[in-house]
Amino acid sequence: MRKIVIAGNWKMFKTRSESEDFLRGFLPHLEETPSEREVVLCPPFTDLSVMSKYLHGSLIQLGAQNVHWEENGAYTGEIAAPMLTEIGVRYVIVGHSERRQYFGETDATVNLRLKAAQKHGLIPILCVGETKQQRDAGETEKLITTQLEKDLVDIDQNNLVIAYEPIWAIGTGDTCESKEANRVIGLIRSQLTNPNVSIQYGGSVKPNNIDEIMAQPEIDGALVGGASLEADSFARIVNYQ
Ligand SMILES: O=C(CO)COP(=O)(O)O
């Protein structure tokens, strides 16, 4: 059985008090959420500690948005796995296109971060996906194959989530058609040694398209940006039909 994982990536949004407000609105909705669905919130680092107190005993898991490959050291602005695990973080997003695009993340550093996460018992959510230009040039398959080959060297596929996030669908309202997302996710699965890895779709997931996305047989969850910032909207997504 493949696990369903619905994760909210808050990116650089919400102060600590805003994250507490969110939880007050969001937690009651989880009474309706089937217990086999894993709900993950990935807030900024500054929110993690306070949220871990609220979430103790709830079904929600905490995720971080980055992790460095060393356990400590002179790496200004980075965060190490033991700092995350000590406060109850369970997941970490690695290789998000915004980090690949703006912060010099490469397949080599993605691979190092994935290894460090797994070594410390964090479950990485590896993001892959093509640009509009690559899609228009018919290079989607080639790009994703290359990303998977390089990112997954020596990675344990029993302890991994993958998110297919076409870059042109992120923050644009231009969702990838659900059948096409299903096709690409099937292609990703065909390249894994473990076919039971949970593979999410991400990119303009909203309350009005989640039911259709989750009805696709290859799609095991969603990585949600903008629509995870508001309690009612994210509740509708995690409680999809
Ligand atoms: O990047 C994303 C999640 O990691 C998707 O963001 P949006 O849902 O805002 O398009």
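## Strand pairing, ligand shell and positive phi values

Strand β1 (4-9) and strand β2 (residues 37-42) run parallel and are joined by six bridges. Strands here are DSSP E runs of at least two residues and helices are H or I runs of at least four, both numbered from the N terminus. Two strands count as paired if DSSP finds at least two bridges between them. Within this pair, I4 stands opposite R37 in β2.

This is a predicted model, in which local features need pLDDT of at least 70, side-chain atom pairs count only at pLDDT 80 or more, and totals for chains, interfaces and linings use all residues. Residues are numbered from 1 along each chain as its sequence is written.

The order β1-β2-β3-β4-β5-β6-β7-β8 forms a closed barrel of eight strands with parallel pairing. Neighbouring strands of this sheet are turned by 25° against each other on average, direction ignored.

The ligand is surrounded by 14 residues, the closest being N9, I170, S204, G225 and G226; a residue is near a molecule if its C-beta atom, placed from the backbone, lies within 6 Å of it.

Most residues other than glycine have a negative phi. Positive values occur at K14 and at S204.

Conventions: Axes are lines fitted to C-alpha atoms, for helices over the stretch in contact, and angles run from 0 to 180 degrees between N-to-C directions.
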